[in-house]
Amino acid sequence: MSRFLLVVMILASMASAIGVVYARHRHRLLFVELAKLEKVRDELNIEFGRLQLEQATVAESNRIDQIARMRLGMKFPEAGDVVVVRQ
């Protein structure tokens, strides 16, 4: 009986040791993946900030008017060219 318990205890200890090694290995892999994801998150936050700044710059009506006139050659219509349609 004591030999059987000894074998069971040895097998349980080995299984436990294997489980600890596997858990540590998995922890390392997940830590590396987390570091990569945090780097991507930081890059996306920087890009988001840039886009917000660009949106704020472009959203200014004066800036839009200037771009429309200078780059696209657009101009405001004359009063006689405007037709109001009502339903």
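At 37% relative accessibility, Glu 47 falls in the partly exposed class. Its salt-bridge partner is Arg 50, with the closest N and O atoms 3.7 Å apart, which sits inside the 4 Å limit for calling a salt bridge. Arg 50 itself is exposed, at a relative accessible area of 55%. Both Glu 47 and Arg 50 belong to helix 1, and three residues, about one turn of the helix, separate them. The model discussed here is a predicted one.

The total number of salt bridges in the structure is two.

Helix 1 covers residues 2-59 and helix 2 covers residues 61-70; the two pack at an angle of about 75 degrees, and their axes are 5 Å apart. Helix 1 is therefore roughly perpendicular to helix 2, since angles of 65 to 115 degrees get that label. On the helix 1 side, the contact is made by Thr 57, Val 58 and Ala 59, while helix 2 brings in Ser 61, Arg 63 and Ile 64. Sorted by class, this contact of helix 1 with helix 2 comes out as three nonpolar residues, two polar ones and one charged.

Notes: Residues numbered from 1 in each chain as written. Predicted model: local features only at pLDDT ≥ 70, side-chain atom pairs only at ≥ 80, totals over all residues. Heavy atoms only, no water. Axes fitted to C-alpha atoms, helices over the stretch in contact; angles between N-to-C directions. Helix = DSSP H or I, 4+ residues; strand = E, 2+ residues; numbered from the N terminus. Parallel < 35°, antiparallel > 145°, perpendicular 65-115°, else oblique. Contact = heavy atoms within 4.5 Å. Nonpolar A, V, L, I, M, F, W, Y, C, P; charged D, E, K, R; others polar. Salt bridge = Lys/Arg side-chain N within 4 Å of Asp/Glu carboxyl O. Buried < 20%, exposed > 50% of the residue type's maximum accessible area, 1.4 Å probe, protein only.
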